[in-house]
Amino acid sequence: MAGASSQSGMKAALTLTTQRFASSLLTLLLVSVTIFVIAQLLPGDAAQEALGQSATAEQIAALRHEMGLDRPAYVRYADWLGGMVSGNPGQSMVANMPVAEVIAERLPNSLLLAALTALVAVPVALAIGIGSAMNRGGRIDRALNIATLSMVAVPEFLVATIAVLIFSVKLRWLPSIALVSDDMTWGEYLPGVAMPILTLSVVVIAQMARMTRAAVIDQMDRPYVEMAVLKGVAPVQVVLKHIMPNAIAPIVNAMALSLSYLLGGAVIVETIFNYPGLASLMVNAVTSRDMPLLQACAMIFCAAYLLLMLIADVTAILANPRLRAQ
Amino acid sequence: MGAAFKRAKALPMSGKVGLVLVIFWLAVALFGPMLAPYPVGAFVAYDVFDGQSAAHWLGSDYLGRDVLSRLLSGARYTVGLAAAAALLASATGTALALTAAVGGAKVDEPLSRFMDMLISIPSKIFSLVLVAAFGSSLPLLLLIAAITYVPGNYRIARALAVNLAQMDYVQVARARGEGRFHIAITEILPNMIHPLLADFGLRFVFIVLLLSGLSFLGLGVQPPDADLGSLVRENISGLGEGALAILAPAVAIATLTVGVNLLIDALPGRGKGR
């Protein structure tokens, strides 16, 4: 009897996960259409841009034909999408090399930065979030509330500026520019990225801590927690043994949401510290109007965002005790 | 006036601080340029990146211009653009949400799917693509910031409106034979004004951060105009010497956004934050 119900539970969880995955893919496809359409709205096209004002109409028409810009939009879209999927999203106009190569150079740097930031931010945010939830309404909770509330609204460049003033101008501990190369050891790499990580962490921690606090407090109001408290379980045990197993889904959800902020925050932070990541590459693509590169970068960011949301939702599905196999 | 004063007095300490900051920046945006001690573009100091002095309260910038004067006129762009964009985003999002709530599944389904799709593009990435496609003149920046934040407002306003549309008093209005437009405007909208105001404040904060971020990247407000983000950017070379010229505008933005956040958080029955 128990076996049958746990099997149907597994099956339901699997179905839900598959559905969720399919809907993410569909969304990504629609996002690609949106980005392609917006990029096509550019006044004048790439051929005109490349040749400048003085080009004759014939020259432009010839280049347009060469670049395949004279084909109908849906053909170009299919072409581009096929290229993205097969790992060849076209030619970067400014760098004059394949977009895939330009991105391959930058992407590992960005992933590393994100991973290190998550490594720093997640434990701190959990501690702050759970700590202030346990102290709900108390002095520490209110102080942390004001602090995190302020931190989420502070622009990244202020945090970065203050960090530079303290750590490289006054204390002279860290370089103010993140120099990164392939043959660096960790000992050389870490001081260079310490400040980008610090800057990104501040905002991520604030956001994640707020959502963790909300998730834990939501559980605290449930009758089972009151029961545990009344039978004399110590507060720390209540949180660890009773609340955490039930709050894990919303907390993972909160983490995925806050980490998605890294995608946007990195745009500013990578630029300030001159960190050679994907976000600063995208800013360069906007400045130089390198549309193939820009589209590819935008798609990577959107895919990363959707992946984080997918992870959050699937965790919620799997952590639901009604679906979890016993 | 008396009622408003009473309400302000009932706010917790953090809310009062927020209110004071918000009023201060609104005043600066309105009257700042009149109070500026020097013309915005004039080279008035002998030295670049001067520190604080009696003649230049916030020092001088990378060209020897008065930072205080530039900040006082830059605030107008930051506050004005963001307020207009937040208003446009909220009005558009709410109008679409009301349409979805009274229009039935045929309108609601495609519209909500479309907004869900837009919301899954991170806002900074979305605005970067828009800037690349359209450019960044002042009206375009306003439009770009508004477009970027319509989906977020729509999602919240739709949730409110759909809930209200199920209420008995709306059903009664429908049975009375009121038109959809009438129901949306006179029955539903007045009951969602409070959470929408809180949401407007949040959009305003997001947009201030977005626009100053864009300006900081050199993709926002273009010279000779300068908002607070541009002031940070143009003085970035003073970072190594810890110049006041770069710190002052960055702190100015933070006090504005933190002020709005504190105020919204202190309001009773506020909407949910990010």
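This is a predicted model: local features need pLDDT of at least 70, side-chain atom pairs count only at pLDDT 80 or more; totals for chains, interfaces and linings use all residues.
**The interface**

Where the two chains meet, 42 residues of chain B are in contact with 46 residues of chain A. The size of an interface is often given as the accessible area lost when the parts come together. Here the area buried between chain B and chain A is about 3800 Å². Carbon and sulfur atoms give 79% of that area.

Across this interface there are four residue pairs in polar contact, with both residues of each pair at pLDDT 80 or more. On the side of chain B that touches chain A, the elements giving two or more residues are helix 4 (105-119), helix 5 (123-134), helix 9 (193-216) and helix 11 (244-266) of chain B. Helix 11 of chain B supplies the largest share, eleven residues. By type, the residues on this side of chain B are 29 nonpolar, nine polar and four charged.

**Salt bridges**

Side chains of opposite charge can pair when their charged atoms come close. Over all chains, the structure has 13 salt bridges, and two salt bridges cross the interface of chain B and chain A. The table gives some of the pairs.

| Residue | Partner | N to O distance |
|---|---|---|
| A:Glu156 | B:Lys124 | 3.4 Å |
| A:Arg210 | B:Asp265 | 4.0 Å |
| B:Arg158 | B:Asp108 | 2.7 Å |
| B:Glu187 | B:Arg176 | 3.4 Å |

A:Arg210 forms a salt bridge with B:Asp265. The pair joins two chains, because A:Arg210 lies in helix 8 (residues 186-220) of chain A and B:Asp265 in helix 11 of chain B. B:Asp265 counts as buried, at 15% relative accessibility.

Within chain B, B:Arg158 forms a salt bridge with B:Asp108. B:Arg158 lies in helix 6 (residues 138-165) and B:Asp108 in helix 4 of chain B, so the pair ties together parts that are 50 residues apart in sequence. B:Arg158 is partly exposed at 25% relative accessibility, whereas B:Asp108 is buried at 13%.

The side chains of B:Glu187 and B:Arg176 also meet in a salt bridge. B:Glu187 is in helix 8 (residues 180-188) of chain B, and B:Arg176 is in the loop between helix 7 (168-175) and helix 8, eleven residues apart. B:Glu187 is buried, with a relative accessibility of 14%, while B:Arg176 is exposed at 53%. A network of salt bridges that share partners joins B:Arg65, B:Arg70 and B:Glu234.

Six aromatic pairs are present over all chains. In one of them, A:Phe36 and A:Tyr77 are edge-to-face, 5.3 Å centre to centre and with 65 degrees between the planes. A:Phe36 belongs to helix 1 (residues 2-40) of chain A and A:Tyr77 to helix 4 (residues 73-85) of chain A, 41 residues apart. A:Phe36 is buried, with a relative accessible area of 7%, and A:Tyr77 is buried at 16%. Ring pairs link A:Phe36, A:Tyr77 and A:Trp80 into a cluster.

A:Ser32 is placed in helix 1 of chain A and is buried, at 1% relative accessibility. Apart from neighbours within four places in sequence, A:Ser32 is in contact with A:Tyr77, A:Trp80, A:Leu81 and A:Met299.

**B:Leu19**

In chain B, B:Leu19 is found in helix 2 (residues 13-35). B:Leu19 is partly exposed, with a relative accessible area of 24%. Not counting residues up to four places away in sequence, B:Leu19 touches B:Ala8, B:Leu11 and B:Leu263.

Terms used:
Residues are numbered from 1 along each chain as its sequence is written. Chains are lettered from A and ligands numbered from 1 in the order in which they are written. Side-chain values use heavy atoms; hydrogens and water are left out. Contact means heavy atoms within 4.5 Å. Buried area is the accessible area (1.4 Å probe) that two parts lose on being put together, summed over both. A polar contact is a pair of N or O atoms within 3.5 Å; within protein, one must be able to donate a hydrogen and the other to accept it, and residues adjacent in sequence count only if both atoms are side-chain atoms. Helices (H or I, at least four residues) and strands (E, at least two) are DSSP runs, numbered from the N terminus. Ala, Val, Leu, Ile, Met, Phe, Trp, Tyr, Cys and Pro count as nonpolar, Asp, Glu, Lys and Arg as charged, and the others, Gly among them, as polar. Rings of Phe, Tyr and Trp (its six-membered ring) pair if their centres lie within 6.5 Å; planes under 30 degrees apart count as stacked, over 60 as edge-to-face and the rest as tilted. Buried means under 20% relative accessible area, exposed over 50%, partly exposed in between (1.4 Å probe, protein chains only).
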